Every structure is written in structure tokens, then in C-alpha cells.
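Trainee: I'd like to learn how to read a protein model. Could you walk me through one?

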Amino acid sequence: AGKKLSATMNLIAQKEQTQGRRRAAPTMTGDDDEEQDEAKRFQRGLAMMEADIGKISDHEEEEEDDDNDEKEITSEEDEKKQDVEERREFNVVFIGDSPIEGIGNDRHLDALSGQTALAFSRVLNGRYVRYWAYGVSGLTAQGIETQMMPHLRRIASTRKKIDAVVISCGVNNVLWGQSSSAFEMEVRSLIRSVRQATTTTRDEDDDSLSSIVLLGLPDFARMPFLPWPLSA
């Protein structure tokens, strides 16, 4: 900015000097050949000076255009870099019952959600994985939808995209003796709610849907400690 201001002040001074010289220019009167030659040389020099001043002005405008182009390029590069940083993370949310709560583990990293997040990172070639786990032991599919969906909606509203949602449910529906048709209705309702929460906050540059992973029920026949008829 200081260089441009100095160049502009020099330009104004040169123009004022030019105007003064124009007023003081010798007139081509008469018959004196030397005076006429001197006046012609003066006019040619004045024209060359004005041309140089014009070049200075054009050069300043080109420098301003170059500065603006550089700022635009820098801004685009910053946006791309930020976008890459955001996309580097794989966002996964776990919701469900006791396996998501981490029952039986001293550290959450050793529980289902922590180990699954590590598996995601390995499959994605070391990509960063950020995960959230919301689970309460004893919840049915309907209970998970009622208690855990507010957490999922809150996370989805703060992230550019939720890449995957992992759901653990069904064991407590079985323990409560729920019919298969009633269990199916609860699971379908839960999946619809998850899909709606993750779809409304999708990334504009990535129109792919979030993956929904529904964990399968264990084989109760392989759990002899369970009371009959669950162990049958």
C-alpha cells in the first residue's frame, strides 16, 4: 500500500510539472528556425513523458489485478484445504443397548464401539475416525429410538456428514417376550428415524446416504446360562 501511495503521489507531481511545462512552452512564432526546432523538441519530449506516465498508471493497475487474483487463489486454496481436513474424518455414531454402553469393559475403547471404530480406521487405510456412543442397558428398539435419537440429531446438526450409524438392539425385545411382528415394527420405526436424522444434514458435495449397520441378534441356543425358553 505504501509503494502504491508513493507511486500515485509521484504521478500527480509529474502531471503538475507537465501542466506547468505546457504553460511555459515556447511558442513557435516567427521566423527563428532555432526557436521552432527547440519548441518541436520540447513538444516531442513532453509527449514521451506523458506516454511514460500512462505506462506507470497501467502498470499500477496490473499490479492491483495481480494482487486481487493472488487473494482469490489463496482463498480457494484455503477452502479446499479446510474441506480436505473435514473429509479426512470418518464420523460414526453408535446407539443401542448394553453392548454400546460397554457393559463388562473397564475402558470404552475396549468395548464394541471403540473396537469397531478401530476396525473402520483399518479398513479405510488409516483414515481418522471420530465416534460417539450412546447406549443404555435394558433398552428395547423402541426405547433406543425414544432416548437415543435426540443425541443422534444433535451430533448430525454439528457435523457436515454422519458417515455411518451402528445400532445394537433386539436382545431386550426377546427378553421381554415380544412377538417377531412387534419387534419388526419397532426396528423399522427406529431405522426410519435414523435415516431422517442423517439425511437432513447431508453434505452438499456428497449426496451419498449414511450407512446404517444393524447388529444381528446372538444365537441364544449357544448361551446355556440363559433360562429356558431363551436357551432352547
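Mentor: Let's go from the whole chain down to single residues. This is a predicted model, where local features need pLDDT of at least 70, side-chain atom pairs count only at pLDDT 80 or more, and totals for chains, interfaces and linings use all residues. Residues are numbered from 1 along each chain as its sequence is written, and side-chain values use heavy atoms, with hydrogens and water left out.

Trainee: How many helices and strands does the protein have?

Mentor: Helices (H or I, at least four residues) and strands (E, at least two) are DSSP runs, numbered from the N terminus. Here you get seven helices and four strands, and along the sequence they follow the pattern α-α-β-α-α-β-α-β-α-α-β.

Trainee: What share of the residues counts as buried?

Mentor: Buried means under 20% relative accessible area, exposed means over 50%, and partly exposed lies in between, with a 1.4 Å probe and protein chains only. Of the 232 residues in this protein, 27% count as buried.

Trainee: And what about contacts between residues that sit apart in sequence?

Mentor: A contact means heavy atoms within 4.5 Å. Take the contacts in this protein between residues at least 6 apart in sequence: 71% of them join residues at least 24 apart.

Trainee: Which residues does Val166 touch?

Mentor: Val166 belongs to strand S3, residues 164-168. Leaving aside neighbours within four places in sequence, Val166 is in contact with Val92, Val93, Phe94, Ile95, Phe120, Val213 and Leu215. Val166 counts as buried because its relative accessibility is 4%.

Trainee: How many aromatic pairs does the structure hold?

Mentor: Rings of Phe, Tyr and Trp (its six-membered ring) pair if their centres lie within 6.5 Å; planes under 30 degrees apart count as stacked, over 60 as edge-to-face and the rest as tilted. This structure holds two such pairs. In one, the ring centres of Phe90 and Phe120 are 5.1 Å apart with planes at 35°, so that pair is tilted. The pair links distant parts of the chain, with Phe90 in strand S1 (residues 90-96) and Phe120 in helix H4 (residues 112-123), 30 residues apart. Phe90 is buried at 10% relative accessibility, while Phe120 is partly exposed at 22%.

Trainee: What kind of pair do Phe94 and Tyr131 make?

Mentor: Their centres are 5.9 Å apart and their planes stand at 90°, so the pair is edge-to-face. It also links distant parts of the chain: Phe94 is in strand S1 and Tyr131 in strand S2 (residues 129-135), 37 residues apart. Phe94 is buried, with a relative accessible area of 0%, and Tyr131 is partly exposed at 27%.

Trainee: At what angle do helices H5 and H7 cross?

Mentor: Axes are lines fitted to C-alpha atoms, for helices over the stretch in contact, and angles run from 0 to 180 degrees between N-to-C directions. The axes of H5 (residues 141-158) and H7 (residues 180-199) come within 10 Å and cross at roughly 5°.
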